[in-house]
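Subject: Model for your files, with notes on helix packing

Dear colleague,

I am handing over the structure below, and my notes on it follow. Please read them with the coordinates open.

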Amino acid sequence: MLLELIVVSVIAASTPLLLAAAGELVTERAGVLNLGVEGMMIMGAACGFAGAYFTDSTLLGALCGIAAGAALAAMFAALTLGLAVNQVATRLALTIIGIGISGLIGAGFVGERITPAPHLALPGLSALPFVGSVLFGQDAFVYCSVLLILAIRWFLYRTRPGLVLRAVGDNHASAHALGYPVLRIRLLAVLFGGGCAGLAGAYLSLAYTPFFTAGMTAGRGWIALALVVFASWRPLRLVAGAYLFGAVTILQLHAQGAGMGITPQLMAALPYLATILVLVAISGTRRMAGSTAPASLGVPFVPDR
Amino acid sequence: MLVLERRTERSMVAMVVSPLIAITLTLVTMAILFALLGKNPFSALAVYFLDPLLDSYGLQEIVVKATPLVLIAVGLSLCYLANVWNIGAEGQFLIGAVCGSWLAVTTHGTEAGAWVLPAMLVLGALGGALYAMIPALCRVRFGASEILTSLMLVYVADLLLDYLARGPWRDPKGYNFPTTAEFDAVATVPLLIEGSRVHIGALFALAAVAIVWLVLSRTIKGFEIRLVGAAPRAARFAGFDSSKMVIFTFAVSGALAGLAGIIEVAGPVGHLQPNFSPGYGFTAIIVAFLGRLNPIGILISGLFLALTFIGGEQAQISMKLPLDLTRVFQGLLLFYVLACDSLVLYRFKWSSRSASRAA
């Protein structure tokens, strides 16, 4: 019973990471480093909650979250793609704006509750012990995140537009010479990443906890960024990474609950320390094996240069 | 269609005009936001940006709040000039405060003399620099992105501070509030003028501005920093080591952030408590960019952003405007500053589509 509880909560903790990281993976594959995931996520959480509060529908709430994330991503795109501004500094601006605006929106909703996202209930199957709640009793976001990963994998490796997107990320000058609209492809990738981050935020305020608190993303957007590095920009490895991090978060909570006598602040610092360790380990081994990062990652593209 | 064309020379007019355009655009956007929140935009803007300038308390408070911002931002400007991305100044700021406070807590209530404060400042700077070495070494030794590692360490520093203030360092006579005891007089930063709020930390900030200005404009080290950032290949041929540059810029910016942290705690705050920083380390990044990564510019932009902190507080009290507006304002400002930066680097040109194809 405890194991079942843990597995279910690990899935719940991993889903927002997976959703946000999946979007960022596509963005980075197109050669754009959008570090504003944290800001887009918290915007998605605030707007998703507001949407669900007024419409009383999880689906419409999630759509509001996606729209909010994409809107912030569009601002990022305007600067980094349109004006070729430094991508690191721009993301900071957008993170601060995202946190600020979400605070403004969320201020009206503190303490309010909504109906949490419904869970799947298949007659018979969902009632099975363990398997039922783990496989057939999740909410739509969880299934959505798995489908999203499979779709991204199929798109990147099995379709022509996916090939073009990777070409743009690896060598934008060549892609441009071949006549592909580099900036338009990057714009779409950034918007997609923003939408995914918004959805991840909406998951937090609609399903993970059915209320909104300021700063509720608590650095998950940054961890999602590290996960993309961890996964070597490959969709399936992303799943492994996200679930590993979800597991660390949950075990940390359970260890606190069990009163193991370890200071809670140290336990709470674990996901962040783990991120640093993973980054160091991955970057260290990659250095020897040669980089797998998209070659044009983070390089602004100005045509005719 | 409208295309960007790289300028061969930096336009001086654009350098000066672009921050002014950015500020104007921010003010216009803020006015719209105020109107959306149902407030009179003009009186709201006046509360934000004029009222603090009209009384002596507001002016002093601007100097007090600009002190940490300028100290941190001057250090960060060295990093960003060298294309090194220290985003975790907030963490180095907190660790500096923690390291310096250790001495204040240990010597509390003893006969320790006037050496305590100078030693605290040294410890603060040292702590900040050492904490900054973690992302720097991870980058140099393992190639891990310093953006993410320095940022993760902000959360870790925050939790460490929380642990110390609630646990081992908590004032036993403090009615269970999560704070250390008030620092002794020998562990407190003295005031510049008796009876005011301005303390000698402001002098440290001015000194940092002057030193960094001298280094950047008059020394070979300053040239090296700018060359490594602007033309890494040329810098390699010139024999400049980019790894050493990462370590150097992180150490300097970490030390300045740590110094700012202990000055803040031993000065205006007076004790160590969780959440004592309103995010100075993050705001300082905006200060650095708004000041065009130039020490004098940073001094001016630091004072300006300090104004927004105080204006935000006053607007919250007198107009019931949420404090998050200050964040939105600061974010918008950075957003517009970066957008207007393109005016400096590029020039806009109309060109027909066929012409750009042929080129």
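Helices α2(A) and α4(A) cross in a left-handed sense, that is, the near helix is turned anticlockwise from the far one by less than a right angle. This is a predicted model, in which local features need pLDDT of at least 70 and side-chain atom pairs count only at pLDDT 80 or more, while totals for chains, interfaces and linings use all residues. Residues are numbered from 1 along each chain as its sequence is written, chains are lettered from A and ligands numbered from 1 in the order in which they are written, and side-chain values use heavy atoms, with hydrogens and water left out.

In chain A, α2 (residues 37-55) and α4 (residues 87-107) pack at about 20°, their axes 7 Å apart, and they are therefore roughly parallel (an angle under 35 degrees). The contact (heavy atoms within 4.5 Å) involves, among others, A:Ile42 and A:Ala46 of α2(A) and A:Gly98 and A:Ile105 of α4(A).

In chain B, the axes of α8 (residues 201-218) and α9 (residues 220-230) come within 5 Å and cross at roughly 75°, so these helices are roughly perpendicular (65 to 115 degrees). Here B:Val215, B:Leu216 and B:Arg218 of α8(B) meet residues of α9(B) including B:Ile220 and B:Phe223.

As for confidence, the model scores ipTM 0.81 and pTM 0.85, and chain B averages a pLDDT (the predictor's confidence in each residue, from 0 to 100) of 85. Over residues 354-359 of chain B, however, pLDDT stays under 50. Where pLDDT is low, the predicted coordinates should not be read in detail.

Terms used:
Axes are lines fitted to C-alpha atoms, for helices over the stretch in contact, and angles run from 0 to 180 degrees between N-to-C directions. Helices (H or I, at least four residues) and strands (E, at least two) are DSSP runs, numbered from the N terminus. Angles under 35 degrees count as roughly parallel, over 145 as roughly antiparallel, 65 to 115 as roughly perpendicular and the rest as oblique.
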